Every structure is written in C-alpha cells, then in structure tokens.
Amino acid sequence: MVLFQISEPGEAHVARQYHLAVGIDLGTTNSLVATVRDGRAETLIDADGNHHCPSVVRYFADKAPVVGQAAKDAAYQDPLNTVASAKRLIGRGLADIGTTANKLPYEFAKSESGTPLIRTVAGDISPVTVSADILKTLMKQAEAELGGELDGVVITVPAYFDDAQRQATKDAARLAGLKVLRLLNEPTAAAVAYGLDSGSEGVHVIYDFGGGTFDVSILRFSRGVFEVMATAGDSALGGDDVDHVLAEWIMRQAGLGDEIEHRQLRRVIGEANRVKEALTTADVAPFTVEDSDGNPWQGSLSRAEFEDLIDPLIQRTLRPCRRALRDAGLTTADIQDVVMVGGSTRIPRVRESVGQFFGREPMIDIDPDKVVAVGAAIQADILVGNKPGDEMLLLDVIPLSLGLETMGGLVEKLVPRNTTIPVVRAQEFTTFKDGQTAMSIHVLQGERELVADSRSLARFELRGIPPMNAGAARIRITFQVDADGLLSVSALELTSGVESRIEIKPSYGLTEGEVEKMLSDSIRYAEDDVNKRRLHEQLVDAARLIEAVEAALSMDGEGMLTKQECVSIKAALQALKEVQQGEDVKAIKAAHDKLERTTADFAARRMDTHINEALSGKLLDQIIE
Amino acid sequence: MESIFSKDYFTLFSLPVTYDVEQEALTQRYREMQGMIHPDRFVNATAKERRVSVQMTALSNEAYQTLKSPLKRARYLLQLRGADIDDAVTNKDIAFLTEQIELRERLDEVRHSDDAESELHKFASELQSRIINLQQALQGAFLDDATAGLAKAQRLYDEMQFISRLNDELNEIEDARD
C-alpha cells in the first residue's frame with residue numbers, strides 16, 4: 001500500500017507501527033547484522049561486544065551446534081565437524097566444487113539431488129543448513145539487542161551468484177525462520193551505504209573482493225535512484241584463495257606433501273592467513289608450521305614474494321572489471337570513483353593494482369567489512385515500511401544470461417546478462433516430430449554457447465500437447481525474473497492452452513522434501529516446535545493481509561467494487577479474522593488463501609487504476625510547469 | 001481507462017510516437033514510473049499486487065530498454081507502423097551486400113590475429129560512428145510518413161542490425177580474450 005502514500009502525502013502520516021528489520025551480510029569468512037535506529041544505520045554487537053560473527057559452525061553428536069568465534073577457535077581440534085566457508089559450497093553441485101573440495105578439510109557425501117553434504121558427527125550436513133545456523137545466530141543476536149521479533153530481513157548475496165546459489169540462500173533463510181524482504185546484491189548494498197553517505201552523484205565502481213567471492217558493479221547514482229549498469233565477477237574467488245596459494249607455498253617450503261592430515265592442513269591455512277594479514281603492514285612475516293615428522297619448521301615470506309604469488313589472483317579480478325566496463329558501454333574515464341569493499345581489499349597490492357587499472361586512487365575511507373551490512377539495513381528499513389515516502393530506489397540487473405537448450409546441444413539466450421530486473425521474456429518454440437505430445441525444457445544459465453559448458457538450472461516437461469504435424473504446435477516459454485533475481489519458468493501450448501508452470505528449483509538445489517526434512521531436523525534441539533513456528537508464520541501473514549485488504553476497501557471499495565464483490569470480500573475478511581483468534585494452522589491458511597483469491601481481481605484493478613492516475617497526474621504537473 | 005499493459009511504449013511514458021526520442025525525458029519518466037510500481041514498493045502488499053507489480057515493472061523495463069536503444073526503437077517503431085520485420089526480404093542494395101562481405105572478412109582477421117587489440121578497438125569505434133550516422137538517417141526517414149519513408153527506414157534498420165551484430169561479435173571476441 002506504500003504506493004498510495006507516496007502519491008497522497010497527506011495520508012502518509014497515519015500513525016503506523018515501527019517494524020523491526022535488519023540487514024544481514026552473510027559472508028564467506030564473517031557475517032554481520034545491522035539495523036537502522038534513530039535514523040542511523042549501524043552494525044549490531046553480540047554479547048561479547050563483537051560486530052563480526054565468524055561464519056563457522058561446529059556440530060556435535062548430542063547437542064545444538066555452536067556458531068561463531070567459539071566454533072572458529074575449535075577448528076584445529078575438531079576440523080571434520082567444524083564447517084567454515086560454507087558459502088563457497090551453497091547452491092553448487094559436487095561436480096562444480098570438485099577442485100575446491102580437494103582443498104577443503106572436510107569429508108564429503110552426496111545428496112540425492114547431487115548437492116555436497118559434509119560428514120559430521122551430527123550427520124551429513126548441507127551447506128544450506130550451515131548458513132541457516134549462522135542466520136539463526138544473527139537473528140537471535142538482533143532480537144536480543146532490539147528487544148523484539150524481527151519483521152523482516154534483507155540478506156545480501158554476491159552479485160555474481162547464479163540462480164541456484166540465490167535460491168539456496170533463500171532456503172537457508174527459510175530454515176532459519178526469517179522473513180526475507182529481499183535478496184540484495186552485495187556491491188549494490190555497499191553503493192547504497194556509500195552513496196547516501198557521500199551524497200555524490202555520478203557513476204561509481206564497487207570493487208568487492210571478499211573472503212570467497214569477487215564482484216564488480218558499475219552503478220549510476222542520481223536523485224535517490226541507484227541504477228546498476230553492469231556487474232561481473234567470479235563467485236569462487238576470494239581471500240580464501242589467497243590463503244590457499246600461500247598455504248601451498250608454505251607446504252612446498254616445508255617439504256609437506258598432499259598426504260597432510262586435515263588437522264595439519266587447517267593449521268597451515270590458519271598460518272597462511274596470519275602471514276597475509278601481517279604483510280598488510282609488515283615487509284616480512286615469519287611463520288612456523290610442523291614438518292612431516294611433527295617438528296617445528298620456521299620460515300618467512302617477504303612482501304615482494306607475497307605479491308608475486310598473488311598477482312595472478314589479482315589479475316583474475318581485473319578481467320571482470322574490463323567486462324563490466326564494456327557491458328556498461330563506458331571507459332575508465334567515465335568513472336567518478338572506485339569504492340573498495342571486502343576484507344581482501346586491505347591487501348596493499350590489491351589497492352595498487354585496482355588504482356592502476358582505473359587510473360585513480362580507490363576510495364578506502366569506508367570500513368570495507370561493514371559497508372555491505374549497513375547498506376542492507378538501510379534497504380530493509382525502507383522495505384519493511386518504516387520510511388513511507390522515501391524515494392530511494394534500487395534498480396538491479398541479472399548477472400548471468402538465462403536461456404534454453406535447443407537442437408544440437410546449443411543454448412538459446414532469452415534474457416542476456418545485465419538486463420534490469422524484474423524482467424519477463426517469452427519466446428515461441430515448436431515441435432520437430434509429427435504427433436509429438438511432450439516437450440522437454442532445459443533451463444540454463446551462463447554465457448557459453450554449448451549446453452555442456454553452461455549451468456543447468458532445471459529440466460521439466462510440457463505434456464499433453466495435442467498430436468499435430470511437426471512445426472504446427474506453438475509453445476510459448478516465458479521466463480520471469482523477480483526483484484530477488486530468482487527465475488520462474490512457464491510453458492504454454494498456444495493452440496490448445498495446455499500449460500505447465502514451475503518455480504525453478506535448481507538441478508543442484510534442494511527438493512521441497514529435503515527442505516521440509518531439514519526444517520524438522522533443525523528444530524530438534526530448539527526450544528520451539530514446528531507447529532508453533534508454523535502457527536506464528538501463518539498469523540503474521542494473516543495480519544499483513546487483513547491490514548492490506550482493509551486499507552484497500554476503505555480507499556477504493558465503493559468506487560471499484562460491485563455490491564456483490566464487496567459482500568464476498570467482506571465475508572472472506574471476516575472469516576479470516578475469526579480463525580485468526582484460534583490456533584488451527586490449516587484453517588488460518590485456508591482462510592488466508594481464500595481472501596487472497598477473492599481480492600485478486602480487485603487488487604489488479606486498483607493497481608492499474610492508481611498507476612494510470614498517478615502517471616497522468618505526473619504529466620499534468622509537467623504541463624503546468 | 002486503458003490498462004498500462006495495452007499502451008504502446010511511447011504513450012506509456014507520455015512521449016510522442018517518433019524516432020527522435022528525448023532521452024532525458026524518457027529516463028525521467030521511467031524513473032518516476034519505477035518509483036511507483038517497483039516490487040520494492042509492494043513488499044507488504046497482497047500476493048496479487050506483488051505479482052502485478054513484477055509484471056508492470058518488467059513491462060516498464062522492457063519499454064525503457066526498447067526506446068533507449070537506437071536499434072530496438074527503430075524495430076519497434078517499424079512494427080507500430082505495420083512493417084513486417086521478420087519478413088526475410090534481404091537488403092538488395094548491391095553496394096551494401098559487398099560491404100557486408102568485406103566487414104565480415106575484417107572481423108575474421110581481427111578474430112584470428114594474435115595482437116589485434118588496437119585493430120579491434122579501431123574497428124569497434126568505426127562501427128560505433130556508423131551506428132550514429134544510421135541513427136540520424138533513420139530520424140529523417142521516420143519523419144516521412146509516406147510508404148517510401150517506411151521502406152527507407154526498413155532498409156536503414158536492416159543495415160543497423162547488421163552493424164550491431166558485428167559489434168556484438170566483436171564484444172564476444174574481446175570477452176573470450178579476457
């Protein structure tokens with residue numbers, strides 16, 4: 001209902017409840033939660049006064065998992081049950097992470113749908129569960145700090161995350177029991193925090209080199225609108241890779257081979273990480289590891305050697321920068337400033353190389369670790385409805401092209417990368433055999449021409465096509481990408497009206513059954529039970545709908561509804577209000593869905609009418625001027 | 001009142017139906033419209049309103065991208081004027097056919113050359129200025145309402161489409177090098 005408050009500012013001052021909303025930066029290495037309080041966005045601290053929660057979870061056979069610093073501290077003692085960097089695995093198949101998996105100190109199992117599972121004493125754990133456990137911890141931290149239940153969250157994801165990775169992140173939020181207002185791209189979140197803070201209009205580059213992912217986004221900021229012009233990146237390149245390169249170098253120096261144990265590998269990686277951080281300021285960093293006989297082995301690494309080792313990784317970040325500029329149709333001369341985000345931008349060599357590439361000093365005066373969470377909090381505050389009339393708007397893009405498999409194993413692109421979302425695109429296909437009654441539809445993501453080189457998102461079948469000659473059927477396939485960057489696909493045979501619609505559940509994603517099972521598993525150690533939580537979710541949804549429908553009725557009920565329509569809507573509304581008093585989850589859901597259905601036409605009519613009015617109002621204003 | 005889903009893209013943004021679109025006005029109207037219909041404004045609305053918002057925003061994105069791009073705008077305007085775009089009537093201009101072959105050969109040279117960075121950029125900027133010239137020619141052609149004007153606009157559009165495709169392929173070559 002926000003729309004009408006904008007067009008009629010006089011009515012915007014109705015006393016409204018303040019909603020609790022937070023932004024969560026779910027990082028590879030560290031996670032943060034932030035909120036807007038008294039008009040200021042700030043990160044929240046945990047009971048020990050820390051802003052950062054290490055994205056590490058330790059699992060036990062007989063008790064609830066431990067999240068954060070305590071888990072990180074235990075990583076050396078209990079490497080197999082302590083999961084770090086789950087973000088590098090989320091939404092990916094075992095095949096995708098083959099090379100990464102060898103370097104990760106876990107034992108993997110494979111789920112039915114091909115997603116990697118981590119073998120722990122608590123059973124086989126999905127990266128989605130690990131992320132959910134981190135989110136739950138942050139949620140509790142925020143609720144303790146803010147003194148109430150959260151009404152909604154904005155969770156950030158790397159801009160370059162594909163559909164499967166986004167969907168998996170949303171699944172994790174659902175497991176954690178969070179209402180996701182929006183998935184927001186990390187560089188866009190950083191731009192919001194930076195842009196609103198600096199107030200500088202123009203074209204900005206956000207260079208976001210984090211613990212496990214790299215993104216670059218080019219945005220135009222003008223009068224409250226953040227418009228992403230292009231984004232590019234590498235969703236498997238980050239500070240972790242710097243650590244691995246250093247760890248491999250240290251192992252070569254110390255004469256350690258690949259047969260090294262998990263525990264020892266963890267230590268070497270930990271030492272590599274320490275050396276990396278020391279070299280931010282020092283010219284030489286000493287280190288100690290155990291050699292193959294268990295004796296201490298000492299060595300040191302100079303800044304110059306370090307830079308030689310990591311230059312290839314830095315070069316890998318500059319290629320996406322070139323591509324983003326090209327896609328935006330810009331050159332480095334068009335860029336007003338380059339904003340550095342993510343812990344890996346603390347490395348002096350990274351700053352130097354990025355500065356050279358763009359021909360200007362990068363901006364490092366913002367805290368590269370907090371800026372994403374702060375931007376997410378600002379967006380959450382607006383989306384949840386705490387700032388009616390705020391004109392800020394984010395126009396984001398899809399990072400990777402979406403397409404379909406066609407004859408010969410080729411990909412036909414329906415939505416090219418860097419298209420502004422939401423987007424709806426349709427294309428018609430036909431049958432290639434006489435009497436063909438089914439058509440297999442294979443949805444792909446990526447820039448390559450061959451199906452074999454692309455990310456397979458989903459396969460489904462359109463059945464029941466009436467038998468016709470080859471080429472006579474007309475099958476329209478529609479892709480819809482929403483504001484979270486999530487895809488849904490529908491197929492319709494136009495001559496007969498046979499329809500097949502699916503929400504994309506990525507090939508490597510979780511099935512509905514798996515999500516349900518994880519949901520009940522995750523509640524095993526929690527105080528609340530499944531039913532209580534479902535009831536709570538339904539009540540929240542019911543309250544929201546009642547509020548929306550009552551507002552709509554009082555504004556447009558008389559003008560837009562026939563008497564009969566009005567009677568049915570009021571009856572459905574009353575029915576929901578009645579069951580809302582009880583605790584029957586099914587009855588509340590049924591009454592909720594009934595009211596949604598009954599008001600659907602009314603809602604569509606209102607949208608069209610009000611937007612038409614608002615648009616012609618704007619035009620009138622311009623003529624008068 | 002007419003639904004916004006049935007309006008043509010120009011009327012949607014309250015702009016005159018002409019090739020010569022005032023880009024600043026277009027961007028301003030687009031942003032105003034996004035401010036009203038974007039899904040971010042309907043997070044707490046009913047499921048139906050959220051769906052309509054996604055569809056309206058997608059429509060407005062499509063309309064904006066179409067009117068912003070010189071090529072897509074030409075195609076859209078030709079369609080509005082009843083031209084059959086997908087009709088495979090090829091350009092019969094012999095001079096242009098010869099030139100197409102030459103340009104293709106040049107693209108192949110760039111593709112297979114080892115050190116073609118500067119050659120690639122030179123070619124790209126030539127194509128760019130070509131597109132700008134075609135844009136001006138199209139402006140004139142669309143002003144002519146007669147059949148002759150439409151035929152000329154279609155010919156210019158074909159040419160622009162060819163040049164744009166070359167430009168896309170050039171970008172792909174550059175992508176592959178990175």
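Helix 7 of chain A and helix 8 of chain A are roughly perpendicular to each other (65 to 115 degrees). The model is predicted; local features need pLDDT of at least 70, and side-chain atom pairs count only at pLDDT 80 or more. Residues are numbered from 1 along each chain as its sequence is written.

**Helices 7 and 8**
- The axes of helix 7 (residues 239–253) and helix 8 (residues 262–278) of chain A cross at roughly 110° and come within 8 Å.
- This crossing of helix 7 and helix 8 of chain A is right-handed.
- Residues of helix 7 of chain A, including Val242(A), Leu246(A) and Ile250(A), meet residues of helix 8 of chain A, among them Leu265(A), Ile269(A) and Lys276(A), contact being heavy atoms within 4.5 Å.
- The contact of helix 7 with helix 8 of chain A comprises ten nonpolar, three polar and two charged residues.

**Helices 9 and 10**
- In chain A, helix 9 (residues 303–328) and helix 10 (residues 348–358) have axes that come within 9 Å and cross at roughly 40°.
- Helix 9 and helix 10 of chain A are therefore oblique to each other.
- Their crossing, helix 9 with helix 10 of chain A, is right-handed.
- Among the residues making this contact are Arg303(A) and Leu318(A) of helix 9 of chain A and Phe357(A) of helix 10 of chain A.
- The contact of helix 9 with helix 10 of chain A divides into nine nonpolar, one polar and five charged residues.

**Confidence**
- Chain A has a mean pLDDT (the predictor's confidence in each residue, from 0 to 100) of 86, and 90% of its residues reach 70 or more.
- Over residues 1–15 of chain A, pLDDT stays under 50.

How values were computed
Chains lettered and ligands numbered in written order. Heavy atoms only, no water. Axes fitted to C-alpha atoms, helices over the stretch in contact; angles between N-to-C directions. Helix = DSSP H or I, 4+ residues; strand = E, 2+ residues; numbered from the N terminus. Parallel < 35°, antiparallel > 145°, perpendicular 65-115°, else oblique. Left-handed = near helix turned anticlockwise from the far one by under 90°. Nonpolar A, V, L, I, M, F, W, Y, C, P; charged D, E, K, R; others polar.
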